[in-house]
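I'm opening my notebook on this one and jotting down what I look up as I go.

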Amino acid sequence: MNAQAQTLPKYLDERVPVEQRIDDALSRMTLDEKIAVIHAQSKFSSPGVKRLGFPDLWTDDGPHGVRPDVLWDEWEQAGQSNDSCVAFPALTCLAATWNPQMACLYGESLGEEALYRGKAMILGPGVNINRTPLGGRNFEYMGEDPWLASRMVVPYIQGLQSKGVAACVKHYALNNDEEYRHQVNVIVSDRALHEIYLPAFKAAVTEAGTWGLMGAYNLYQNQHNCHNDIMLNQILKGEWQYDGVVVSDWGGCHDTDEAVRNGLDLEFGTWTDGLTMGATNAYDGYYLAAAYKQAIREGRYTTKELDDKVRRVLRLFYRTTMNRQKPYGFLCSESHYDTALKIAQEGIVLLKNESLPLKGGSQRLLPLDLSKVKRILVVGENAIKMMTVGGGSSSLKVQKEILPLDGLISRASTLNAQLSIDYARGYVGDTVQSYNGVTVGRSIAENRSAEELLQEAVEKAKGADCVIVFGGLNKSNYQDCEGHDRKEYGLPYGQDRLIEALAKVNKNLVYVNISGNAVAMPWVDKVPAILQGWFIGSEAGEALASVLFGDVNPSGKLPFTWFRQLEDCGAHALGAFPGTWRDDYKIIDEEYKEGIYVGYRWTDKQKVRPLFAFGHGLSYTTFKLGKPTLNSPTSFTVSVTNTGNMAGSETIQLYISDKHASVDRPVKELKAFQKVFLQPGETRDVTLTIGREALSFYDEASHQWKVEPGKFEALIGTASDQIAGKCVFELK
Ligand code: BGC
């Protein structure tokens with residue numbers, strides 16, 4: 001042992017097991033230092049322990065790219081020149097890939113960007129369940145199904161943390177209402193809580209080992225989730241044995257005593273105005289700051305709770321800022337753009353692609369047949385509107401964002417075909433191209449009236465071989481945006497009228513929907529081809545063009561049910577959204593009356609046909625599934641053949657149906673899936689395995705998962721409404 005190693009204090013000695021280093025560091029810290037590390041010192045940082053050599057902890061949103069820096073103590077931009085990032089597709093698109101490898105790549109690439117920017121923790125990913133398509137933040141989450149969200153969140157976290165950057169999975173839990181997110185008290189059955197709303201968080205903790213987790217703003221059982229005894233003490237740290245840090249959502253902490261006792265470890269964003277309000281340091285006013293210190297000094301608490309919190313924060317330091325094994329980070333690399341492009345291409349969902357009658361046969365509209373299509377008309381604001389700015393805390397400052405129109409023009413320029421692309425605005429939505437001080441787009445101001453825009457589009461459409469409308473929602477308030485929920489299911493800005501008018505004059509109409517949520521499509525029968533284009537980040541235009549032109553065969557599958565009308569969604573059918581205000585108008589009680597019947601679980605039960613089912617997504621080729629065989633009650637094999645003439649991927653989905661149970665059970669529930677890539681004519685056997693827990697339900701009486709013997713069915717198909725075969729088996 002050399003002299004230096006001998007004198008190295010234990011907490012700095014990398015040969016010593018981390019828990020012992022934590023003990024040593026803890027024993028050296030003063031009360032002031034301990035209090036300091038459990039709350040913020042700026043909008044996005046908390047202090048380390050400078051005296052001992054622990055650097056400050058910098059965190060940042062998340063989840064789709066690393067947010068640009070704001071000033072130390074204000075939300076205004078810091079104006080850095082090194083914080084332009086790559087925008088990865090929003091998490092709905094990632095979920096739509098149904099490809100866990102893509103989630104891992106996502107996490108790794110984001111981690112590298114975070115490292116370059118000096119961020120130790122990314123505030124994401126988000127796994128709140130899509131309970132209603134009006135949810136303003138659904139675009140940041142992974143859909144309606146707990147199994148799908150679980151399978152996708154685990155590799156995202158593993159990829160991110162493999163770079164030495166902590167994930168902070170959010171918003172734990174039941175954060176399904178944006179409009180009243182600070183006042184909603186959720187009333188939900190234990191069964192729905194454990195079967196629908198918690199599994200993705202549980203997987204993040206117990207399988208991915210997330211180092212951070214963010215408490216949600218809302219209340220559960222009349223207690224805010226950032227210091228909720230049941231959620232944090234009992235479930236998270238008790239049942240799941242979580243050893244990481246619970247971070248408050250920004251301003252989500254409301255009470256010192258609850259924060260001390262109920263498991264909050266790191267307080268951020270409490271509504272003080274930081275240093276600018278005249279106090280020497282307004283961060284001292286945080287619930288876990290001066291008030292807590294005073295209470296300890298007065299003997300109202302021992303340091304038991306404090307030491308537990310500090311221990312967790314120190315563990316986070318060793319995992320991130322103190323980890324010398326971390327790789328180097330880099331920003332805006334080719335490989336990151338490549339990741340963004342691949343995920344976007346895999347996540348785009350071909351919702352509809354009908355055959356059009358043609359002379360001597362029929363042909364599907366997509367991919368565009370360039371031997372016939374020479375004049376393309378692009379219509380719609382979303383073809384020219386950037387979507388990486390706006391939407392709340394996930395807003396970014398990108399180095400580049402390829403807009404859909406530009407992507408199409410650029411792809412067309414590489415073709416020999418004589419192809420002309422014209423553009424008509426069609427409608428005006430929101431012309432603002434900046435958010436929170438970030439302006440990256442060119443102006444999309446428009447002075448013409450709605451009527452003039454519609455007429456122009458219709459006139460131009462008459463002479464086009466094909467019309468592609470880019471519509472949908474955007475990131476403005478009351479669209480897909482944090483802080484508010486959508487006010488209506490229908491498309492905004494008069495788009496329905498525009499689409500109907502275009503369909504009348506040109507039957508070769510493609511509609512590309514840009515959103516993170518489903519929307520009503522009253523004109524669906526009049527539009528032969530529909531793509532779901534999500535918010536797909538920096539490479540949006542290139543990804544969309546590659547699918548429209550057929551360079552890429554679409555393989556995305558919906559991570560949520562696309563209801564025909566809002567009333568087909570359980571929460572709305574039962575009038576259970578947003579809830580009922582109490583007399584004092586301070587709290588709104590929201591009872592999840594639909595219980596476990598969220599998304600397809602509801603439509604299956606009610607026998608309602610959605611417009612597009614959960615798991616639905618078409619391809620430019622066709623696939624045929626063989627008869628599934630049962631290898632054992634936990635393993636099933638099915639052959640899949642690409643019966644078309646283009647290579648492509650299909651996602652085989654396995655749903656379990658419990659035929660007899662002592663409790664009401666969903667018609668079926670997703671429990672396994674696998675995406676396979678096949679050349680034309682190729683056949684492959686796909687084996688799907690499930691665990692015993694796939695057959696279980698949460699028993700409210702015993703507060704445990706329970707499996708009952710009896711008959712089950714494994715339904716295997718390519719969408720929740722495309723079941724190709726089933727295996728019946730009995731559990732003894
Ligand atoms: C959001 C979080 C975000 C935080 C910091 C909050 O308003 O709910 O998701 O991470 O702000 O920007």
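**Entry 1: the largest cavity**

I started inside: 24 residues line the largest cavity, and Met387, Thr388, Phe535, Ile536 and Gly537 are the ones nearest its centre. My note on terms: on a 1 Å grid over the protein atoms alone, a cavity is a set of points where a 1.4 Å probe fits but cannot get out, a pocket is an open set with protein on both sides within 12 Å along at least five of seven lines, and lining residues have an atom within 4 Å of a point. Before going on, I wrote down that this is a predicted model, where local features need pLDDT of at least 70, side-chain atom pairs count only at pLDDT 80 or more, and totals for chains, interfaces and linings use all residues. I also noted that residues are numbered from 1 along each chain as its sequence is written, and that side-chain values use heavy atoms, with hydrogens and water left out.

How much space lies in the largest cavity? I get about 180 Å³, where a volume is the space filled by probe spheres set on the grid points, which are joined across faces, edges and corners. Its lining splits into 14 nonpolar, seven polar and three charged residues. For these classes, Ala, Val, Leu, Ile, Met, Phe, Trp, Tyr, Cys and Pro are nonpolar, Asp, Glu, Lys and Arg are charged, and the others, Gly among them, are polar. Counting cavities of 30 Å³ or more, I find four.

**Entry 2: the largest pocket**

Next I looked up the largest pocket, which holds about 1000 Å³ of space. I count 45 residues in its lining, with Leu351, His616, Gly617, Leu618 and Gln722 nearest the centre. Elements giving two or more residues to that lining are strands S10 (349-353), S12 (361-364), S22 (623-625), S30 (710-719) and S31 (722-731), plus helix H19 (600-606). Here helices (H or I, at least four residues) and strands (E, at least two) are DSSP runs, numbered from the N terminus.

Which element gives the largest share of the pocket lining? That's S10, with four residues. By class I have 18 nonpolar, 14 polar and 13 charged residues around the pocket.

**Entry 3: H13 and its partners**

I picked helix H13 (residues 334-347) and checked how it packs on helix H17 (residues 540-548): the angle is about 45 degrees and the axes are 9 Å apart. Axes are lines fitted to C-alpha atoms, for helices over the stretch in contact, and angles run from 0 to 180 degrees between N-to-C directions. H13 and H17 are therefore oblique to each other; the rule is under 35 degrees for roughly parallel, over 145 for roughly antiparallel, 65 to 115 for roughly perpendicular, and oblique for the rest. Leu341, Ala344 and Gln345 of H13 touch Glu542, Ala543, Ser546 and Val547 of H17, contact being heavy atoms within 4.5 Å. I sorted those residues into four nonpolar, two polar and one charged.

How do helix H5 (residues 100-116) and H13 pack? They sit at about 150 degrees with axes 10 Å apart, so H5 is roughly antiparallel to H13. This crossing of H5 and H13 is left-handed. On the H5 side I see Met102, Leu105, Tyr106, Ser109, Glu112 and Glu113, meeting His336, Thr339, Lys342, Ile343 and Glu346 of H13. That contact has four nonpolar, three polar and four charged residues.

I then went through the backbone. The Asp61 to Gly62 peptide bond is cis, with omega near -10 degrees, and Gly62 is in the loop between strand S2 (57-60) and helix H4 (91-97). Phe577 and Pro578 are also joined by a cis peptide bond, with omega about 0 degrees. I found Pro578 in the loop between helix H18 (570-573) and strand S20 (580-581).

Last, Trp98, in the loop between H4 and H5, has a phi near 50 degrees, a positive value in a residue other than glycine.

Conventions. A crossing is left-handed if the near helix is turned anticlockwise from the far one by less than a right angle, and right-handed if clockwise.
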